[in-house]
Amino acid sequence: MLNAFLQAVRPAAAGSLPVAEVSYRRAAIGGLDIFYRDAGPADAPVIVLLHGFPSSSHMFRDLIPALADRYRVIAPDYPGFGYSSAPAPEDFAYSFDALADVVEQLLADLGVRRYVLYMQDFGGPVGFRIAAHHPERVIGLIVQNAVANLEGFATSAAGAFAPYWADRNSETEKPVRGFLTAETTRFQYEHGSSARADRVSPDAWQHDQALLDRPGNDRIQLELLYRYQDNVGAYPQWQAYLRAYQPSILVTWGDNDPFFTAAGRDLFKALVPATEVHSYDAGHFALETHGPEIAGAIRAFLARVAPAA
C-alpha cells in the first residue's frame, strides 16, 4: 500500500522511490506520556493528523510518508489510544475538551504555531475545538468523515447512543459496548469498501482491537462515548466558527460510511462555499481503500493553502 501511495502522488524516476523517514516520539504533557509520529522537514508547513475511533496514529501509517517529503507531518495518539498513556478515568477526566487540550499543548511544546488540521471521526471534535479556540493558527482544514451537525449522524448510530446519553446505566450501556467488539471494529473498516475490499488490511482493525482489548480500556472508551454528547452540544459553536472565519477546507469523504451521512459532508460547503469536496466509493476509513487518491487531493490542497519552499 505504501508504494501505491507514493507512486500515485509523486512518481519516482529511474526506479528510485524516495521514502520519508518517520520518527516515533514521546512527549510529557500534563503528567501523561503522549506518543506521536513526526516526519518531514522541521521548517516546512505543518499538517496535524487527528485520528478517529477506535484507531490511533496507526491509521496514517501510509499517508505520512506520502506527504512528508514537502511537509512536516505530526500525528499524535490521544490519551487512552495507541501508544499514549491510558490512565483510568479516576485519574484522568476523559472528555473531548481534555483530548483537544493535550493536542494543543503538544503543538505548543513543539513550537508549532500554524498548521493544517486533518480530522477523521473523533478527530473532528478534537480539531474543531482547537480551530475554534485559535482560528488565527489554522491554515486550513481537511475533513474526512467527521461531522459538525446532528443531521450528519446516521439514524441508527444516533439511536444507539441517545438512551445512554439520557440515562447512563448498565442497561443503556449494553448497546454502546457493542462498539468495542472485534466484530464492530472489523465492520467499521470493511463496510462500504466492497469495491476495493482487497485493499483493506486486516492489520488495521486487528491493531485497533488489540488496543481496545487492553484491561481497563473499555472504561476509557465508554466514558468518551458518553461524553460525545458534548460534541453535539458544541455543533452550533463550530458552525459559527466556520461561517465567521471561512477557513480553507478540503473534504475527502467515504460515501458509504454507516455512521456519518452525506448531510454531514455537505454542511461544510453550505457554510463555507469555497470548500473543495471529493467523494469516494468508500466506507468510514476511506484511507484504507482510497489512500492514493486522498493523498493526491491533500497534496494539491496543501500546495494551494500552505505552499512549501
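1. In this predicted model, the side chains of Ser57 and Asp77 are joined by a polar contact of 2.7 Å. A second polar contact, also of 2.7 Å, links the side chain of Ser57 to that of Arg37.

2. Ser57 is located in the loop that connects strand S3 (46-50) with helix H2 (63-67). Its relative accessible area is 0%, and because buried means under 20%, Ser57 counts as buried. Beyond its neighbours within four places in sequence, Ser57 is in contact with Phe35, Arg37, His51, Ala75, Pro76 and Asp77.

3. Strand S6 (residues 138-144) is mostly covered, with seven of its seven residues buried. Strand S5 (residues 115-120) runs parallel to S6, and six bridges join the two.

4. Val143 of S6 illustrates both pairings: Met119 stands opposite Val143, and the bridge partner of Val143 in S7 is Val251.

5. Gln239 belongs to helix H9 (residues 217-245). With a relative accessible area of 18%, Gln239 is buried, since the cut-off for that term is under 20%.

6. Which residues is Gln239 in contact with, leaving aside its neighbours within four places in sequence? They are Ala148, Asn149, Leu267 and Leu271. As for Leu271, its C-alpha atom is separated from that of Gln239 by 7.4 Å, although the two residues are 32 residues apart along the chain.

Conventions:
Residues are numbered from 1 along each chain as its sequence is written. This is a predicted model: local features need pLDDT of at least 70, side-chain atom pairs count only at pLDDT 80 or more; totals for chains, interfaces and linings use all residues. Side-chain values use heavy atoms; hydrogens and water are left out. Helices (H or I, at least four residues) and strands (E, at least two) are DSSP runs, numbered from the N terminus. Buried means under 20% relative accessible area, exposed over 50%, partly exposed in between (1.4 Å probe, protein chains only). Contact means heavy atoms within 4.5 Å. A polar contact is a pair of N or O atoms within 3.5 Å; within protein, one must be able to donate a hydrogen and the other to accept it, and residues adjacent in sequence count only if both atoms are side-chain atoms. Two strands pair if DSSP finds at least two bridges between them.
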